[in-house]
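Visitor: I have a model open and I'd like to learn how to read it. Could you walk me through a few features?

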Amino acid sequence: MRYSQTLLPTLKETPAEAEVISHRLMLRAGFIRKLTAGVYTYMPIGLAAIRKVENIVREEMNRAGAQELLMPMVQPADLWVETGRYEKYGPELLRFRDRHDRESCLGPTHEEVITDIARKELHSYRNLPINLYQIQTKFRDEIRPRFGLMRGREFIMKDAYSFDVSDEAAGLSYQKMFDAYKRIFTRCGLSFRAVQADSGAIGGSFSHEFMVLADTGEDTIVVCKNCEYAANMEKAVVKLVPVNHEAAPGQMEKIETPGKRKVDAVCDFLGIEPRQLVKTMVFKADGKPVGVLVRGDREVEEVKLKNLLGAADIELADDKEVFDATGVPTGYLGPVGVDLRIVADQEVAAMQNFYVGGNEKNYHLKNVNLGRDFQVEAVADLRQITTDDPCPECGGKLETTEGIEVGHVFKLGTGYSESMNATFQDKDGQSKHFVMGCYGIGVSRIVAAAIEQNHDDKGIIFPVPLAPYTVIIVNLGGSDETINSAAEKLYQDLMAAGLEVLLDDRDERPGFKFKDADLLGIPYRVTVGKSFKENGMMEIKHRRDGVVEELTPEDTIGRLKTAIFAQLTN
RNA sequence: CGGGGCGUAGCGCAGCCUGGUUAGCGCGCCUGCCUUGGGAGCAGGAGGCCGUAGGUUCGAAUCCUACCGCCCCGACCA
């Protein structure tokens, strides 16, 4: 492509709307332009990068035996009512009525549509297993879109759905996708990690997320330094460390704690450690108050709580709501004798003679024991894991890092096939529900994640497989015909060699062109200018490490071909 | 939705507090000259319902009210 004829509007200054690096660079490099909150136009060069990702995804999906199809973006509400998700999905599902007043929605995901296809078209075990996928634009009316392509409302996703005869067979399909995902992200040149995850609104029993490691990640993941264990913080199982109960249960006692509401203040005042205290947090589970007990130095993990309660929505209650629900001001709430639904973290159940709020302003209770002094509805793992906790698999040391979720694989089981009555006839003539799996990849997000992971202060540094162009020729010839025709010939030759080349033929000064080349992140830059005029040499500069090579035109072509194709084959 | 902030030329901003001529600056854009290995220089030029609506006032970008949009922090997720 000739730069002079391309819509490639680079910006010297960063638009004020952009905060994170990938968003800033994509705006500056002319990859995207915002239409409205969370909705972007992919400009030509941005689309080129997206296509690179799509093609890698497509190749690997096909290699794994999946078949591509394309489902509608507009979906009838009826299908969603069948699975109960029309209620459950919430405001993220954009709903509207068509001219016939039919309830419709924009597809945020396609389990319903694909299951409908399956029940209509797949009748026999002979059709199975099958894995169908699409690469399509999704719409989720996110509460707060942010970070450019990282969390848009409209985004491109690859979603795949597998159908199997049995749980065991579904496990195989799952593993196949898991392996394909590893290949995909490896080919994209990303540094990533597969982690155990919560299955969220999609539902299902078992899932892994693929996380690109980057500081701007929206998720925290815990990783074992010793074994292969890695999990989303939300999901990471806390392994209860046994404690020895040496002390005999003491007499419960009311003690005065004037004005001491916060855990630290109470502990300072009483001369105790936060680990000896149990705090009572009030959450609203679908609007209804629930008390949650955790040790004073722990944090409640809302996702675990949500799963335990089977709630669609969990929110921490504010001071007023706590008072309304219990009649106790925050800071003095406790489980003893309170009229509130209470659940406890497993750690609390193992504690003895602890301190809790006294359900009365300025009072706490000491020597409290679960079971003797109060009862709870459930005991479960409800707190956030910390790096002090042992690895749940091997007991090793854990560490945390930030991650961007670029892929998610789920074992769905028969939830959708049952609610939509999607069955096939098995060998024995019996009707059975499909055992399903679903597998998503955030295609547009990958481009953003790749930039988060590959940039410097000058701009983007694309991994070769994702680069919209692999070579940029900077022609500094001006009016010099010798140089111009050499640059032109190189352009033609490189294209003939199968490379994607951008020829900077603009009437601009050298510095201007170099800055743009750096910003765009094209892996190899060839400068044709003075040194070609003087001794017939061209200069290759590697974007990533700044290495410079002076070569003849023939060697330049050879060198680029070798280098680029080497990075494309895996 | 809760908390914070912002809407003035294509982009980045100043002006607003303390109302008063023709609304500025940098970048970009157009014309010409000049320059050509790291975002040059000179000269000329185009481009503004000051987010929208209402109010206060002799007079509003500036003060007041409402609305709309956008960004950042939390709940959501590929």
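Guide: This is a predicted model. Look for the open sheet of three strands, which run in the order S13-S19-S18 with antiparallel pairing.

Visitor: Why do S13 and S18 stand at the edges?

Guide: Count partners. Strand S13 (253-256) and strand S18 (354-357) each have a single partner strand, so one side of each is left without a neighbour in the sheet.

Visitor: How many bridges join S18 and S19?

Guide: Three bridges, in the antiparallel sense, with S19 covering residues 363-368. To find your place in that pairing, look for Phe354, which stands opposite Val368 in S19.

Visitor: How is chain A divided into domains?

Guide: The domain assignment gives domain 1 (13-188 + 415-452), domain 2 (253-380) and domain 3 (469-568). Taken over C-alpha atoms, the centres of domain 2 and domain 3 are 66 Å apart.

Visitor: Now a single side chain. Is Arg543 buried or exposed?

Guide: For that, check the relative accessible area: under 20% counts as buried. Arg543 comes out at 7%, so it is buried. You'll find Arg543 in the loop between strand S30 (538-542) and strand S31 (548-551).

Visitor: Which backbone oxygens lie by polar atoms of the Arg543 side chain?

Guide: The backbone oxygen of Asp518 is 2.9 Å from a polar atom of that side chain, and the one of Ile460 is 3.2 Å from such an atom. Beyond its neighbours within four places in sequence, Arg543 also has contacts that include Asp456, Lys458, Gly521 and Pro523.

Visitor: What surrounds RNA strand B?

Guide: 51 residues do, and the closest are Glu92, Glu142, Ile143, Asp518 and Glu539. Of the RNA atoms that come within 4 Å of the protein, sugar and phosphate account for 46%.

Visitor: Which element gives the most to the surface near RNA strand B?

Guide: That's H14, with seven residues. Other elements giving two or more residues include strand S8 (154-164), strand S21 (398-413) and helix H15 (530-535).

Methods
Residues numbered from 1 in each chain as written. Chains lettered and ligands numbered in written order. Predicted model: local features only at pLDDT ≥ 70, side-chain atom pairs only at ≥ 80, totals over all residues. Heavy atoms only, no water. Pairing = 2+ DSSP bridges. Helix = DSSP H or I, 4+ residues; strand = E, 2+ residues; numbered from the N terminus. Buried < 20%, exposed > 50% of the residue type's maximum accessible area, 1.4 Å probe, protein only. Polar contact = N/O pair within 3.5 Å; in protein donor to acceptor, adjacent residues only side chain to side chain. Contact = heavy atoms within 4.5 Å. Domains from an automatic or database assignment. Near = heavy atom within 4 Å.
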